[in-house]
Amino acid sequence: MAPNRLAQEKSPYLLQHANNPVDWFPWGEEAFEKAHREDKPIFLSIGYSTCHWCHVMEKESFEDYEVAKLLNEAFVCIKVDREERPDIDNLYMTVCRLMTGSGGWPLTIIMTPDKKPFFAATYIPKENKFGRAGLITLIPQIQKLWRDQRDDLMKTVGQITTVLKQISKDHNVESLHESILKTTYQELHQNFDENHGGFGNKPKFPSPHNLLFLLRYWNRNNQKEALEMVEKTLQNMHAGGLFDHIGFGFHRYSTDEKWLLPHFEKMLYDQAMLTLAYTEAYQITKNKDYEIIAHKVFSYILRDMTAPDGGFYSAEDADSEDEEGKFYLWTEDEIKEVLGKDASLIIKTYNIQKDGNFTEEATDTKNNKNILYINKRIDMIANELGISEQDFYSRLSKAREKLFEHREKRVHPHKDDKILTNWNGLMIAALAKGSRIFGEQKFIDAAQKSVDFILTKMRQSDGRLLHRYRDEEAAIMANLDDYAFFIWGLIELYETTFDVHYLQTALDLNKDLISYFWDDKYDGFYFTPDDGEDLIIRQKQSYDGAIPSGNSIALLNLIRLGKLTANPEFEEMASKMVHLFASRIKQSPTAYTQFLIALDFIIGPTYEVVIVGDSKAEDTKKMLQALTQHFIPNKVVILRPQEIKSPMIDNLTGYTKNHTSINRRATAYVCANFNCKSPTTDINEMLTLLNVGNTIQSDHQAGVE
Amino acid sequence: MDIKHIQGKNRGHIMIYALSTCVWCKKTKKLLNNLGVDYYYIDVDLLEKEEKENAKKEITRFNPSCSFPTTVINNEKCIVGYKETEIKEALK
């Protein structure tokens, strides 16, 4: 059988379906014309390459000749990679939530040749099962409706389109006050799992922006419990099977409340947002464990997820050799075979059992397989084994390396090696911040290489950003997330390297973002540019799901760029955004924790710090280091290098020209909440002006090698 | 002491204690310029040592944290920082 049209695509997910008997089309005019010409509805299937149930539906139905025949007869079939086309995914996911009350992937939409939906579902089995109608039953029914009851169907279409348009016009202007932070904290507190950390019931997602919010809440109100919630979650997520103890990095989510049995895919954005959470927790507590965990995740990214020319890959699949998690699981015998007499160390530390240490989700039985996890303190294990902690760590580390080498020989899960601007932006931000706090040059190098890659390979000739790169082709107009996350990365990189070009680029891209995405009438940023593809509506999103929303990050960027360059226009826009999204946020604040992180910044106190000094001199470095050692989230930092006569930064800020050092020593100019203090050369005085208290030491719990 | 005078509509005696380097001080001056009101200002950082100490003492009378800009109206009302609405309100 000849491959279908998806064989011409770049997306690994689309390529996976190129040999299906279903006559798939990529999203595009060819498919819509065919649907019009043949008067057939469109069967739109949206998923992504590391999605477990997408694979299940493919194996069961899209590779099945009977189903394929039905689909090909009744519909024109389109496959979309949600990571390539988040605009399409967002829109039809909204439709699915509206029509069915829930959503998820694979997403299945049936719609008119004009792209107007009338049926929505997620995973659909082949035959009727789990109380769901199967495709075999469903397809002929829909075909019949389309043929015999078109008028009724079109009424549904009209209603859905109207509701969609109404939702997108949601512009109740209200205001948000500091009290919303407390409400959010209380809701998170109520949902907090006191036993295992994290929020809500299973499945449990890491939701790192909840943790970042709580750290700010702790900082603002000295609310000890907020920090305790974060620490408990961070420690348990790492101790559990959610963390890959052999090769590092976090899996996507846990199927149980204990963080034990994960879905094994690894997403770039989770690695980025989680390392930010561990990095900030380290900044506050100085607990070395968090530093080690952040280092491990970064080392995984640099080892396995970085393209030779600098971009970061998107994800790794859960399945290998057709089994979920096979790559990551171990039998006791295997461990004994690889490690010999050292096996007992791993068996004890990671709770390995002969018959397996977990029950499979589908079959509810043990199968001799083990997920590595920790459930007691390292010093206790060392004690049980009768060795010192130091000895324990060094042996554990050697054993881990042996297991890693052994595992490398296994068939690896599929890697989705497309490079996405939005997710790269998050990783750039994480690496830049991580390197600033941990002082690690190789993290800066990696962030800079990714920035260079995007700026040289992922832009149109007119400078507009693109969304996706793979197989030497950059394509798809950038969306709000691409701009917002990448600008965030650039700002973090400026505050780490003080290379003015990053700030300049951030400002240039922010200008593009405003001109192509800002809604002049009702404020806020649309997800798609004003010259992008025409879908039913242009959506404006602010929900912080697995990934923070573009509007939340763009809001934070506006405030930071506004303060860095003393540009009140940006701050006005920020204030308008708060008003626009206020009513949604009041309804369910915990769904907007990244947005509320930006609000926390706006409420302040906020600080603008200009350090003037010789950028190579020890005293300047010390002053900058002092700033990174403390958790002061709501500040911007500028370096004005004294050794250059008229440094480029003066052109961008417009206010640093007269900032000179006192007696040629590194000098800090601190402004707080719209007023400024006399400059100082004394680091402690600078910190006092920034209102920094003492750091807290946290208890070492699980312990990390 | 090097006190600068900007002429304009009389809305009482207005004195801004400022730093030449401070972005919020510049914005405050600019706001008053735009409002066209009569005011005085001192860039404290440009003063000689002794005068600087005297100026700081004066400021501390109104604003113990000695931050800039400190805007003093009729020797009694004091507005610390660039507070656009508050300043406009006070100068009505």
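Which residue stands opposite A:Glu608 in β16(A)? In this predicted model, the residue opposite A:Glu608 is A:Val636.

The strands β15(A) and β16(A) run side by side in the parallel sense, and 7 bridges link them. Of the 7 residues in β16(A), 6 are buried, so the rest of the structure largely encloses this strand. In β15 (607-613) and β16 (635-641) of chain A we also meet two of the partners of a helix, α24(A), whose buried residues pack against them. The other partners of those buried residues are β17 and α26 (683-689) of chain A.

Helix α24 covers residues 618-628 of chain A, and its buried residues are A:Thr620, A:Met623, A:Leu624 and A:Leu627. Looking down the axis of α24(A), one finds these buried residues within an arc of 95°, so they line one face of the helix. What, then, sits on the face of α24(A) turned away from the buried side? There the exposed residues A:Glu618 and A:Lys622 are found.

Stepping back, chain A holds 26 helices and 18 strands. Its radius of gyration is 26 Å, while the globule rule gives 27 Å for 705 residues, so chain A is as compact as a globular protein of that length. Of the 705 residues in chain A, 51% are buried. Among the contacts in chain A with a separation of 6 or more, 66% involve residues 24 or more positions apart.

Chain A is divided into four parts: domain 1 (5-168), domain 2 (179-316 + 425-600), domain 3 (327-408) and domain 4 (607-689). Notice that domain 2 is written as two stretches of sequence, 179-316 and 425-600. Taken over C-alpha atoms, the centres of domain 3 and domain 4 of chain A are separated by 49 Å.

A:Lys354 lies in the loop that joins α14 (343-349) to α15 (378-385) of chain A. Is A:Lys354 buried or exposed? It counts as exposed, because A:Lys354 has 12 C-beta neighbours inside 10 Å, and a residue with 12 or fewer is classed that way. Although A:Lys354 and A:Glu332 are 22 residues apart in sequence, their C-alpha atoms are 5.5 Å apart in space.

Chain B has 3 helices and 5 strands. Read from the N terminus on, these elements follow the order β-β-α-β-α-β-β-α. For its 92 residues, a compact globule would have a radius of gyration near 12 Å, and the 12 Å of chain B agrees with this. Its C-alpha atoms fill a box of roughly 35 × 25 × 25 Å along the principal axes. In chain B, 36% of the 92 residues count as buried. As for contacts in chain B between residues at least 6 apart in sequence, 66% join residues at least 24 apart.

Finally, how do the two chains meet? In the contact between them, 12 residues of chain A touch 16 residues of chain B. On the side of chain A, the elements that give two or more residues are β17 (667-672) and β18 (675-676). The residues on this side of chain A comprise 6 nonpolar, 5 polar and 1 charged.

Technical notes. Residues numbered from 1 in each chain as written. Chains lettered and ligands numbered in written order. Predicted model: local features only at pLDDT ≥ 70, side-chain atom pairs only at ≥ 80, totals over all residues. Contact = placed C-beta atoms within 7 Å. Helix = DSSP H or I, 4+ residues; strand = E, 2+ residues; numbered from the N terminus. Nonpolar A, V, L, I, M, F, W, Y, C, P; charged D, E, K, R; others polar. Domains from an automatic or database assignment. Rg over C-alpha atoms; globule rule 2.2 N^0.38 Å. Buried ≥ 20, exposed ≤ 12 C-beta atoms within 10 Å, placed from the backbone. Arc of directions from axis to C-beta. Pairing = 2+ DSSP bridges.
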